[in-house]
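I opened this chain to see how its parts meet. These are my notes, in the order I looked things up.

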Amino acid sequence: MTDTSKQIAGRTGQWEMVLGLEVHAQVASNAKLFSGAAVGFGAGPNQQVSLVDAAMPGMLPVINKHCVEQAVKTGLGLKAQINLKSHFDRKNYFYPDLPQGYQISQFKDPIVGEGEVVVEHDDGTTFTVGIERLHLEQDAGKSLHDQDPNSTYVDLNRAGTALMEIVSRPHMRTAAEAAAYVKKLRTILVYLGTCDGDMEKGNLRADVNVSVCRPGDYEKFRETGDFSHLGTRCEIKNVNSYRFIQQAIEYEARRQIEILEDGGKIDQETRLFDPNKGETRSMRSKEEAHDYRYFPDPDLLPLELDPAWVKAIEAELPELPDAKKARLQSQYGLSAYDAGVLITEQARADYFEEAAKGRDAKLTANWVTNELAAKLTAGSLDIENSPLKPDAIAELVALIEEGVISSKIAKDVFERMWAGEGRPREIVEKQGLQQVSDTGALEKIIEELIAANPGQAASVKEKPQAIGWFVGQVMKATGGKANPGAVNGLLKAKLGIE
């Protein structure tokens with residue numbers, strides 16, 4: 001049965017999109033793939049270029065073992081096949097920022113084979129995206145066109161930087177699914193420590209393949225493996241944000257549908273996404289493998305991995321997002337939603353666990369994912385740089401648990417904590433924010449309110465839910481410091497309601 005939520009209405013009927021992504025993740029490494037040149041961000045133009053990167057005559061590449069280890073670790077994190085023997089190839093094309101005239105990549109024999117990523121929809125249901133392969137390759141340099149309209153400048157700092165190209169199967173059907181897949185993939189890579197996932201710096205970017213077909217054709221593809229059912233695809237290069245991925249896909253799918261419905265045909269091509277205009281535009285005709293004239297790199301021997309070395313890497317894998325989510329649910333009794341929000345960033349999950357030691361886990365999670373998260377976002381801060389450490393949130397939660405302050409007062413205390421006024425207990429004592437739990441004092445206030453409002457008291461006896469009016473009046477009389485639990489109990493007793 002076709003999922004109608006994946007259908008797009010055209011003039012001549014319904015259409016569906018089919019999406020596959022090639023994600024380029026910069027390997028977390030201090031040196032490039034085949035040279036010892038540094039890879040730090042922000043260096044001046046051409047300050048991180050070795051003789052190998054600049055393709056000086058006689059310079060030979062030497063594989064960076066750490067980059068290989070990072071690729072293997074990523075493959076294991078993706079539940080993928082690790083190929084113990086792989087090859088490096090030369091992908092030949094001319095571009096000013098590619099000094100060798102070819103890119104060292106992997107074609108027929110990549111280091112990592114088939115795997116999968118399980119991704120969640122917004123409603124909590126999941127879908128699985130197959131991984132076709134992961135291969136290592138070197139990045140090109142960067143051409144700059146905006147400094148002088150009559151010149152192009154070339155910066156080779158990125159040339160030779162190690163990339164992992166992670167190629168998915170065409171298993172995504174909506175723009176939201178594609179964005180969710182990249183988000184999940186990024187989370188896995190960051191947990192593994194194999195890529196920092198910084199999309200703003202270009203350390204994680206996606207080439208998005210888009211095609212459209214009629215309802216039912218995708219199911220035929222899944223049954224037969226025949227790609228002809230999916231329509232002609234176009235590739236949108238180097239998209240570097242979740243929002244842009246969705247915008248590019250939605251525009252491109254509509255563009256293709258309009259062409260097909262007007263009787264035209266889709267040209268297989270490479271396109272760019274213009275975020276300012278919200279549209280894709282043609283870059284060049286899509287190259288096939290034979291256009292690149294791949295052949296084995298004669299300067300690099302086949303890469304052969306020791307099975308024991310791979311096993312040792314696997315034994316050292318960290319706890320990955322799905323496993324952490326399941327553990328947070330079982331260990332702390334969190335809902336799937338709360339655990340899912342926490343694990344999207346490893347540092348956030350770690351912060352929560354530190355703050356939740358001995359405390360109410362649900363309450364702690366709420367403070368971490370709501371008030372604290374909002375402040376961090378407003379200040380453009382990462383949780384690692386939060387001015388409030390986990391023990392401060394733990395102390396605030398403890399004050400609520402102990403009944404010293406109410407949840408409402410806690411928000412005022414939190415604002416003061418954020419402003420740098422001190423520790424939670426210190427603020428509560430200095431500002432006199434302790435909630436009133438003295439039943440004698442509260443009884444007196446309640447008795448006076450009931451005596452002054454007999455009609456309201458009578459209506460509460462008929463409609464117990466109207467008790468909220470009295471609660472509000474008690475809170476007003478105590479400056480919001482009354483213990484809500486004590487107030488409710490006393491009111492029910494005085495008004496004679498269950």
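**Ground rules.** I am working with a predicted model, in which local features need pLDDT of at least 70, side-chain atom pairs count only at pLDDT 80 or more, and totals for chains, interfaces and linings use all residues. Residues are numbered from 1 along each chain as its sequence is written, and side-chain values use heavy atoms, with hydrogens and water left out.

**Domains.** I looked up the division of the chain and found domain 1 (7-312), domain 2 (319-431) and domain 3 (439-495); the bounds come from an automatic or database domain assignment. Ten residues of domain 1 and eleven residues of domain 2 make the contact between these two (heavy atoms within 4.5 Å). Their centres, taken over C-alpha atoms, are 37 Å apart.

**Interface area.** Domain 1 and domain 2 bury about 830 Å² between them, and carbon and sulfur atoms give 51% of that. Buried area here is the accessible area (1.4 Å probe) that two parts lose on being put together, summed over both. On the domain 1 side, K184, T187 and Y191 supply 60% of the area buried against domain 2, more than any other three residues.

For the side of domain 1 that touches domain 2, α2 gives the largest share, seven residues. Helices (H or I, at least four residues) and strands (E, at least two) are DSSP runs, numbered from the N terminus.

**Helix α8.** Which residues of α8 (residues 346-355) are buried? They are A349, Y351, F352, E353 and A355; buried means under 20% relative accessible area, exposed over 50%, and partly exposed in between (1.4 Å probe, protein chains only). These buried residues pack against α2 (175-192), α6 (321-332), α7 (336-343), α9 (361-378) and α10 (390-401).

**Two loop residues.** K79 is not a glycine, yet its phi is positive, near 55°. K79 lies in the loop between α1 (65-77) and β3 (85-86), and K79 is exposed, at 59% relative accessible area. S380 also has a positive phi, about 50°, without being a glycine. I place S380 in the loop between α9 and α10, where S380 is exposed at 68% relative accessibility.
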